[in-house]
Amino acid sequence: MLRQTAVVTVLCLGAAMGCQRKAKPELTAVPPPVDPVSVQGYDAQPAAAPQPVAWDAQPGYAAPAPAPIAMPPSQTTYTVQKGDSLWKIATRHYGNGNRWPDIVAANPGLVPEKMPVGKTIILP
């Protein structure tokens, strides 16, 4: 009997306090993405294959040689000597050996471990 009373009490308290199931929000349908090809009134033609470009130079015509690249006046060149390293060159020219990455940045393809004697490098 006590068990039935407890069950009835819990049910009554739940009803008195407004215990309800929360309603799930309604789901709205999302329209499908629009395919531009299937839109009515769209009269696009498929893209034509690219046409080759004909070189219209006359026979015996040579293209002009590219202009030499002028170095800014703030850059100088240096010829690598025997026993040189980028640290030594940076110390000698800038007064700071820590500036050796500046030399590498100004000379693409320069490998610090393999600097051939007689190679001319740019000192920014």
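Q: What makes Arg99 count as a charge over the ring of Tyr94?
A: In this predicted model, Arg99 lies over the face of Tyr94, at 4.1 Å from the ring centre. The cut-off for the distance is 6 Å, so 4.1 Å falls within it.

Q: Why is the contact of Asp102 with Arg99 called a salt bridge?
A: The side chains of these two residues, Asp102 and Arg99, meet at 2.9 Å, N to O. A salt bridge needs a nitrogen of Lys or Arg within 4 Å of a carboxyl oxygen of Asp or Glu, so this pair qualifies.

Q: Are Asp102 and Arg99 buried, exposed or partly exposed, and how do you know?
A: Asp102 has a relative accessible area of 31%, and Arg99 has 33%. Buried means under 20% and exposed means over 50%, so both residues are partly exposed.

Q: What makes Arg92 and Asp84 a salt bridge?
A: Here the N to O distance is 3.4 Å. That value is within the 4 Å limit, so the pair counts as a salt bridge. By this rule the count comes to two salt bridges.

Q: Which residues make up the largest nonpolar core, and what makes them a core?
A: This core has ten residues: Tyr78, Val80, Leu86, Ile89, Ala90, Ile103, Leu110, Met115, Ile121 and Leu123. Helix 2 (86-94) and strand 2 (120-123) each supply at least two residues of the core, and helix 2 gives the most, with three.

Q: Which residues does Ile89 touch beyond its neighbours within four places in sequence?
A: Ile89 is in contact with Tyr78, Asp84, Ile103, Met115, Ile121 and Leu123.

Q: What share of the chain counts as buried?
A: Of its 124 residues, 11% count as buried. The chain exposes about 11400 Å², and carbon and sulfur atoms supply 62% of that area.

Technical notes. Residues are numbered from 1 along each chain as its sequence is written. This is a predicted model: local features need pLDDT of at least 70, side-chain atom pairs count only at pLDDT 80 or more; totals for chains, interfaces and linings use all residues. Side-chain values use heavy atoms; hydrogens and water are left out. Buried means under 20% relative accessible area, exposed over 50%, partly exposed in between (1.4 Å probe, protein chains only). A charge sits over a ring if NZ of Lys or CZ of Arg is within 6 Å of the ring centre and within 35 degrees of the ring normal. Accessible areas come from the Shrake-Rupley method with a 1.4 Å probe; for residues, only the protein chains shown count as cover. A nonpolar core is a set of buried Ala, Val, Leu, Ile, Met, Phe, Trp, Tyr and Cys residues joined through side-chain atoms within 4.5 Å. Helices (H or I, at least four residues) and strands (E, at least two) are DSSP runs, numbered from the N terminus. Contact means heavy atoms within 4.5 Å.
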